[in-house]
Amino acid sequence: MRQAYSVSTVRAAEQALMARLPEGALMRRAAAGLAVACGDLLRRNGRVYGSRVLLLVGSGDNGGDTLYAGARLARRGAGVRALLTSPDKVHAGGLAALLAAGGQVLDTPDGLGPVDLVVDGITGIGGQGGLRPDAEALVRAVTSGHAPVLAVDLPSGVEADTGQVLGAAVRADATVTFGTYKPGLLIDPAAERAGALRLVDIGLGPELPGRPDLEALQYADVAALLPLPGARSDKYRRGVVGVAAGSERYPGAAVLAVAGALRGGAGAVRYAGPGTDAVIARYPETLVHPGRPSKAGRVQAWVAGPGLGDSSAAAEAVSDVLASDVPVLIDADGLRLMDARAVRARTASTVLTPHAGEAAALLGVPREEVEAGRLAAVRELAARYRATVLLKGSTTLVAEAGDVPVRVNPTGTSWLATAGSGDVLSGLTGSLLAAGLAPRDAASVGAYLHGLAARRGSDGAPVAAQDVADAIPAAWRDVRA
């Protein structure tokens, strides 16, 4: 599992570790790992010896890491030059090491010539509010070519704790981070500027608290959570999920939500709503009921909302589901139709699955505010509605009310930006709730499998929502392999 910690937590851990190490040992560890990563990038396109490396060096420890790494590269035969954004605040020891190894310091980028690698060591995790105008101009001048950009700890200009980008920022091809991941490396819009991530172990682990601020499940974590039937399992023990979705205008939403539930491993799916003919035509194994959800039969979880429309019957269906004593997932139209007081008053768990626009409506803020501050938005929604919230988007986040880490899904893909894919996710997550997974786990595993299925179904080509649903079993097998 990837874990991310806030800047203040990282700083405290670094201070505790440095108190037990010889002076400068922590920076040397970071610089050594950074130099290895730089060397690996250079070798992909040639070799380290004779390569041309440009360091963008800011003040403080981030600049020091960069300079010491540059010195190591220079000793291996690379031609290393440095541009200092704050010459009066440069790390003296790092600068001396670079010069002693044969590196050079440039006054301006004028006449720079070809470069094989640009290393961004301007601000790292200490910067706030975007790059200053002079640093922005420098970055623009030296990254306009084809040389890859490697960021040191974090692309300069992005917010380490929130993933926000509040001004000009570096767009890196790769980022080397030290000790632990930072939230901004895993959450868009900052994450999309980080490129490929590489974590360098500098011995920080024992100093970090057990509870991270953010975590991202990996294959092994998801495999351990997957509900697998036992020898005594029957369709009821495997979980029966109810689906209240679809309308005369949107019958396909019912079909897709049922598809996600069936492909997600539900022992049985009960469908309640006006789309019975469309559902049965595609999935004859579905148990259908044309009336209220509460009259459809016993279920272990409900999914409500996809394609319901805005009729009085739709509102009654959502209200009916929220009155049940089983876990409930509310999506799409259901988010608009639900009564917030009824959600907060529930004793069984509730999962809300908004996209940015729906989240903005629930919070009463502009959509742009949610997209710019996804971490704050998902935490606020979880606290306000006393629910587990899956905020869909380029990086899907899962938050739960209380002092638990937010989870970020690492398998997202832009191929999921297609009509109906959210309906499939709702059904899939509902099946996991019905199987007995805790709401945070069901939402996290659902998002993970959903992303894998989209990649499986697309294979680099456009993908439709039904393709995603059909690829869920293959994604399940990938995780277990």
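This is a predicted model: local features need pLDDT of at least 70, side-chain atom pairs count only at pLDDT 80 or more; totals for chains, interfaces and linings use all residues.
A332 counts as buried because its relative accessibility is 18% (buried is under 20% relative accessible area, exposed over 50%, partly exposed in between, with a 1.4 Å probe and protein chains only). I then checked its backbone. A332 is not a glycine, yet its phi is positive, about 50 degrees. I placed A332 in the loop between strand 14 (328-331) and helix 10 (333-337). Helices (H or I, at least four residues) and strands (E, at least two) are DSSP runs, numbered from the N terminus.

Next I turned to D153. D153 also has a positive phi, about 70 degrees, although it is not a glycine. I found D153 in the loop between strand 6 (149-152) and strand 7. D153 has 7% relative accessibility, so it counts as buried.

I went on to P189. The peptide bond from D188 to P189 is cis, with omega near 10 degrees. I located P189 in the loop between strand 7 (174-178) and strand 8 (196-200). For background, I noted that most peptide bonds are trans and most residues other than glycine have a negative phi.

Last, I checked E14. I found E14 in helix 1 (residues 7-18). E14 counts as buried because its relative accessibility is 15%. Leaving out residues up to four places away in sequence, I saw E14 touch L26 and L204 (contact means heavy atoms within 4.5 Å).

On conventions: residues are numbered from 1 along each chain as its sequence is written, and side-chain values use heavy atoms, with hydrogens and water left out. Local features need pLDDT of at least 70, side-chain atom pairs count only at pLDDT 80 or more, and totals for chains, interfaces and linings use all residues.
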